[in-house]
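Here is my note for your reading of this chain. Keep the viewer open and check each point as you go.

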Amino acid sequence: MNISLLLCDDHALFSDALASVLSHEFQVLGVIGTMADIPGAIRRHQPDVCLLDRRFVDGDALDRLTDIRAARPATKVVVLTADQDDDGLHRALAGGAAGYVQKTCGVATLTAALRSVVAGEVVVHVASERSALRSRGSAEAMRLAAHLTARERECLAMLVEGLSTSEMVSRLGVATTTVRTHIQALLSKLGVHSRLEAASLAVRYSLLDEHHTRRRRRGAATG
(Lines give C-alpha, C1' and ligand atoms only; values in the text may rest on other atoms or scores of the structure.)
Protein backbone atom coordinates (compact mmCIF):
# COMPACT_ATOMS: atom_id res chain seq x y z
CA MET A 1 0.00 0.00 0.00
CA ASN A 2 1.42 3.38 -1.03
CA ILE A 3 0.60 5.63 1.92
CA SER A 4 0.35 9.34 1.16
CA LEU A 5 1.66 11.81 3.70
CA LEU A 6 1.45 15.56 4.30
CA LEU A 7 4.24 16.88 6.53
CA CYS A 8 3.41 19.96 8.59
CA ASP A 9 6.35 21.65 10.34
CA ASP A 10 7.68 25.20 10.30
CA HIS A 11 11.34 24.28 10.86
CA ALA A 12 12.50 24.17 7.23
CA LEU A 13 15.79 22.35 7.77
CA PHE A 14 14.18 19.64 9.90
CA SER A 15 11.09 19.22 7.70
CA ASP A 16 13.07 19.07 4.45
CA ALA A 17 15.38 16.42 5.88
CA LEU A 18 12.48 14.40 7.29
CA ALA A 19 10.55 14.64 4.02
CA SER A 20 13.59 13.32 2.16
CA VAL A 21 13.93 10.35 4.52
CA LEU A 22 10.21 9.51 4.57
CA SER A 23 9.93 9.71 0.78
CA HIS A 24 11.69 6.34 0.62
CA GLU A 25 8.72 4.75 2.43
CA PHE A 26 5.77 7.02 1.70
CA GLN A 27 4.34 9.33 -0.94
CA VAL A 28 5.17 12.74 0.55
CA LEU A 29 2.63 15.14 -0.97
CA GLY A 30 4.15 18.31 0.43
CA VAL A 31 5.53 20.24 3.37
CA ILE A 32 3.35 22.88 5.05
CA GLY A 33 5.14 25.47 7.17
CA THR A 34 2.25 27.58 8.47
CA MET A 35 -0.48 26.26 10.75
CA ALA A 36 -3.15 28.40 9.09
CA ASP A 37 -2.48 26.67 5.75
CA ILE A 38 -2.87 23.11 7.03
CA PRO A 39 -6.67 22.60 6.69
CA GLY A 40 -6.65 23.87 3.11
CA ALA A 41 -3.66 21.71 2.22
CA ILE A 42 -5.38 18.63 3.63
CA ARG A 43 -8.52 19.32 1.59
CA ARG A 44 -6.43 19.87 -1.53
CA HIS A 45 -4.05 16.89 -1.23
CA GLN A 46 -6.32 14.45 0.68
CA PRO A 47 -3.45 12.57 2.35
CA ASP A 48 -3.78 9.30 4.25
CA VAL A 49 -1.76 10.84 7.10
CA CYS A 50 -1.01 14.35 8.31
CA LEU A 51 2.24 14.34 10.29
CA LEU A 52 1.77 17.42 12.45
CA ASP A 53 4.43 19.19 14.48
CA ARG A 54 2.95 20.49 17.70
CA ARG A 55 4.67 23.88 17.92
CA PHE A 56 4.43 26.50 15.16
CA VAL A 57 5.42 30.15 15.14
CA ASP A 58 1.71 30.97 14.90
CA GLY A 59 0.69 28.79 17.87
CA ASP A 60 0.10 25.36 19.35
CA ALA A 61 -1.26 22.97 16.71
CA LEU A 62 -3.32 21.19 19.37
CA ASP A 63 -5.44 24.36 19.60
CA ARG A 64 -6.34 23.89 15.92
CA LEU A 65 -6.66 20.12 15.96
CA THR A 66 -10.45 20.17 15.61
CA ASP A 67 -10.23 22.32 12.45
CA ILE A 68 -7.42 20.18 11.06
CA ARG A 69 -9.39 16.96 11.65
CA ALA A 70 -12.56 18.50 10.18
CA ALA A 71 -10.74 19.36 6.93
CA ARG A 72 -10.82 15.65 6.06
CA PRO A 73 -11.91 13.19 8.78
CA ALA A 74 -10.49 10.26 6.81
CA THR A 75 -6.97 11.68 7.15
CA LYS A 76 -5.17 10.30 10.21
CA VAL A 77 -3.35 12.93 12.26
CA VAL A 78 -0.09 12.01 14.00
CA VAL A 79 1.31 14.67 16.32
CA LEU A 80 5.10 14.90 16.33
CA THR A 81 6.44 16.70 19.40
CA ALA A 82 9.52 17.52 21.46
CA ASP A 83 7.33 18.05 24.55
CA GLN A 84 6.96 15.50 27.33
CA ASP A 85 3.86 16.80 29.11
CA ASP A 86 0.88 14.56 29.81
CA ASP A 87 -1.48 17.43 29.00
CA GLY A 88 -0.31 17.43 25.38
CA LEU A 89 -0.90 13.69 25.07
CA HIS A 90 -4.39 13.93 26.56
CA ARG A 91 -5.34 16.90 24.40
CA ALA A 92 -4.08 15.19 21.24
CA LEU A 93 -6.11 12.02 21.87
CA ALA A 94 -9.18 14.00 22.93
CA GLY A 95 -8.91 16.05 19.73
CA GLY A 96 -8.97 12.95 17.57
CA ALA A 97 -5.27 12.43 16.84
CA ALA A 98 -4.45 8.85 15.90
CA GLY A 99 -0.87 9.13 17.10
CA TYR A 100 1.39 11.06 19.47
CA VAL A 101 5.09 10.54 18.82
CA GLN A 102 8.14 12.29 20.25
CA LYS A 103 10.87 13.55 17.96
CA THR A 104 13.46 11.49 19.83
CA CYS A 105 11.85 8.21 18.73
CA GLY A 106 13.90 7.62 15.57
CA VAL A 107 12.88 7.15 11.94
CA ALA A 108 12.13 3.41 12.21
CA THR A 109 9.70 3.98 15.07
CA LEU A 110 8.06 6.91 13.31
CA THR A 111 7.66 4.89 10.11
CA ALA A 112 6.07 2.02 12.04
CA ALA A 113 3.74 4.46 13.81
CA LEU A 114 2.56 5.96 10.53
CA ARG A 115 1.79 2.54 9.11
CA SER A 116 -0.01 1.53 12.30
CA VAL A 117 -2.38 4.51 12.32
CA VAL A 118 -3.31 3.88 8.69
CA ALA A 119 -4.14 0.32 9.75
CA GLY A 120 -6.57 1.74 12.32
CA GLU A 121 -4.46 1.70 15.47
CA VAL A 122 -3.87 4.49 17.99
CA VAL A 123 -0.15 4.95 18.62
CA VAL A 124 1.56 6.69 21.53
CA HIS A 125 5.36 6.67 21.70
CA VAL A 126 7.13 8.57 24.48
CA ALA A 127 10.82 8.98 25.27
CA SER A 128 12.57 5.91 26.69
CA GLU A 129 13.68 7.86 29.77
CA ARG A 130 10.09 8.71 30.50
CA SER A 131 9.00 5.12 30.00
CA ALA A 132 11.66 3.91 32.44
CA LEU A 133 10.43 6.32 35.08
CA ARG A 134 6.96 4.86 34.66
CA SER A 135 7.85 1.17 34.81
CA ARG A 136 6.28 0.79 38.23
CA GLY A 137 3.17 2.58 36.95
CA SER A 138 2.97 0.08 34.09
CA ALA A 139 2.97 -2.87 36.50
CA GLU A 140 0.19 -1.26 38.52
CA ALA A 141 -1.85 -0.56 35.38
CA MET A 142 -1.50 -4.20 34.31
CA ARG A 143 -2.62 -5.36 37.75
CA LEU A 144 -5.74 -3.17 37.63
CA ALA A 145 -6.56 -4.19 34.05
CA ALA A 146 -6.46 -7.86 35.04
CA HIS A 147 -9.76 -7.32 36.90
CA LEU A 148 -11.66 -6.21 33.78
CA THR A 149 -14.26 -8.58 32.33
CA ALA A 150 -14.17 -9.53 28.65
CA ARG A 151 -17.04 -7.12 27.89
CA GLU A 152 -15.35 -4.31 29.82
CA ARG A 153 -12.21 -4.90 27.72
CA GLU A 154 -14.32 -4.63 24.59
CA CYS A 155 -15.66 -1.31 25.80
CA LEU A 156 -12.15 -0.11 26.66
CA ALA A 157 -10.98 -1.00 23.15
CA MET A 158 -13.85 1.03 21.71
CA LEU A 159 -12.94 3.98 23.93
CA VAL A 160 -9.44 3.83 22.46
CA GLU A 161 -11.05 3.90 18.99
CA GLY A 162 -12.91 7.06 20.05
CA LEU A 163 -16.40 5.60 19.71
CA SER A 164 -19.35 7.41 21.27
CA THR A 165 -21.88 5.71 23.56
CA SER A 166 -24.39 5.37 20.71
CA GLU A 167 -21.75 3.81 18.43
CA MET A 168 -20.81 1.35 21.17
CA VAL A 169 -24.49 0.46 21.65
CA SER A 170 -24.82 -0.23 17.93
CA ARG A 171 -21.68 -2.38 17.78
CA LEU A 172 -22.47 -4.43 20.89
CA GLY A 173 -26.21 -4.71 20.31
CA VAL A 174 -27.09 -3.86 23.91
CA ALA A 175 -28.98 -1.09 25.71
CA THR A 176 -27.46 2.33 26.37
CA THR A 177 -27.69 1.76 30.13
CA THR A 178 -25.71 -1.48 29.76
CA VAL A 179 -22.89 0.26 27.92
CA ARG A 180 -22.80 3.03 30.53
CA THR A 181 -22.67 0.42 33.30
CA HIS A 182 -19.70 -1.31 31.64
CA ILE A 183 -17.90 1.99 31.18
CA GLN A 184 -18.47 3.07 34.77
CA ALA A 185 -17.22 -0.32 35.96
CA LEU A 186 -14.02 -0.17 33.92
CA LEU A 187 -13.36 3.42 35.02
CA SER A 188 -13.69 2.34 38.65
CA LYS A 189 -11.47 -0.72 38.21
CA LEU A 190 -8.75 1.28 36.44
CA GLY A 191 -8.92 4.08 39.01
CA VAL A 192 -9.59 6.84 36.46
CA HIS A 193 -12.28 9.48 36.21
CA SER A 194 -13.01 9.85 32.50
CA ARG A 195 -13.16 7.94 29.23
CA LEU A 196 -10.16 9.89 27.98
CA GLU A 197 -8.08 8.87 31.00
CA ALA A 198 -9.07 5.23 30.47
CA ALA A 199 -8.15 5.34 26.77
CA SER A 200 -4.86 7.11 27.52
CA LEU A 201 -3.98 4.51 30.16
CA ALA A 202 -4.77 1.65 27.78
CA VAL A 203 -2.65 3.11 25.00
CA ARG A 204 0.26 4.20 27.21
CA TYR A 205 0.67 0.82 28.90
CA SER A 206 -0.55 -1.40 26.01
CA LEU A 207 -3.18 -2.92 28.29
CA LEU A 208 -5.21 -4.41 25.46
CA ASP A 209 -2.11 -5.72 23.65
CA GLU A 210 -0.99 -7.48 26.82
CA HIS A 211 -4.39 -9.12 27.21
CA HIS A 212 -4.41 -10.40 23.63
CA THR A 213 -0.86 -11.75 24.02
CA ARG A 214 -1.79 -13.69 27.14
CA ARG A 215 -4.91 -15.05 25.47
CA ARG A 216 -2.92 -16.25 22.44
CA ARG A 217 -0.40 -17.94 24.75
CA ARG A 218 -3.16 -19.75 26.66
CA GLY A 219 -4.68 -20.91 23.37
CA ALA A 220 -1.34 -22.26 22.17
CA ALA A 221 -0.76 -24.07 25.48
CA THR A 222 -4.15 -25.81 25.35
CA GLY A 223 -4.13 -26.52 21.60
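The points below go from the whole chain to single residues.

1. **The whole chain.** This is a predicted model. The protein chain has 223 residues, and 42% of them are buried. Its secondary structure comes to 12 helices and eight strands. Now look at the contacts with a separation of 6 or more. Residues 24 or more positions apart account for 65% of these.

2. Start with β1, residues 4–8. Five of its five residues are buried, so the strand is largely enclosed by the rest of the structure. In a regular strand the side chains alternate between the two faces of the sheet. Check both sides of β1 here. Ser4, Leu6 and Cys8 are buried on one side, and Leu5 and Leu7 are buried on the other.

3. **Its partner.** β1 is joined to β2, residues 27–32, by five bridges. The two strands run parallel. To find the pairing on screen, pick Leu6: its bridge partner in β2 is Gly30.

4. **The annotated aspartate.** UniProt lists Asp53 for "modified residue: 4-aspartylphosphate", in an unreviewed entry. Where does Asp53 lie? It is in strand β3, residues 49–53. Is Asp53 buried or exposed? Its relative accessibility is 3%, so Asp53 counts as buried; the cut-off for buried is under 20%. Set aside neighbours within four places in sequence. Asp53 is then in contact with Cys8, Asp9, Asp10, His11, Ala61, Leu80 and Lys103. Cys8 is also one of the buried residues of β1.

5. The largest nonpolar core has 50 residues. Which of them touch the most other members? They are Ile38, Leu52, Leu186 and Leu190. Take Ile38 and again leave aside neighbours within four places in sequence. Its contacts are Cys8, Ile32, Cys50, Leu52, Phe56 and Ile68. A second, separate core has 19 residues, including Phe26, Val101, Leu110 and Leu114.

6. Helix α10 covers residues 176–190. It has 15 residues and reaches 21 Å from its first C-alpha to its last, close to the 21 Å expected at 1.5 Å a residue. Its buried residues are Val179, His182, Ile183, Leu186, Leu187 and Leu190. Seen down the axis of α10, these fall within an arc of 135°, so they line one face of the helix. An α-helix has 3.6 residues a turn, so residues three or four places apart point the same way. On the other side of α10, Thr177, Arg180, Thr181 and Ser188 are exposed. Gly191 follows the helix, and its phi is positive, near 70°.

7. **A buried loop residue.** Thr75 sits in the loop between α3 (65–71) and β6 (76–81). Its relative accessibility is 2%, so Thr75 counts as buried. Not counting residues up to four places away in sequence, Thr75 touches Ile42, Gln46, Pro47, Asp48, Val49, Cys50 and Arg69.

8. Two residues deserve a look here. Gln46, one of the residues that Thr75 touches, has a positive phi near 50°. Gln46 is in the loop between α2 (38–45) and β3. It is partly exposed, with a relative accessible area of 47%. Ser206 also has a positive phi, near 50°. Find Ser206 in the loop between α11 (195–204) and α12 (207–222). At 31% relative accessibility, Ser206 counts as partly exposed.

Methods
Residues numbered from 1 in each chain as written. Predicted model: local features only at pLDDT ≥ 70, side-chain atom pairs only at ≥ 80, totals over all residues. Heavy atoms only, no water. UniProt positions renumbered as here; feature names shortened; annotations may be inferred. Helix = DSSP H or I, 4+ residues; strand = E, 2+ residues; numbered from the N terminus. Buried < 20%, exposed > 50% of the residue type's maximum accessible area, 1.4 Å probe, protein only. Contact = heavy atoms within 4.5 Å. Core = buried A, V, L, I, M, F, W, Y, C linked by side-chain atoms within 4.5 Å. Expected span 1.5 Å × (residues − 1). Arc of directions from axis to C-beta. Pairing = 2+ DSSP bridges.
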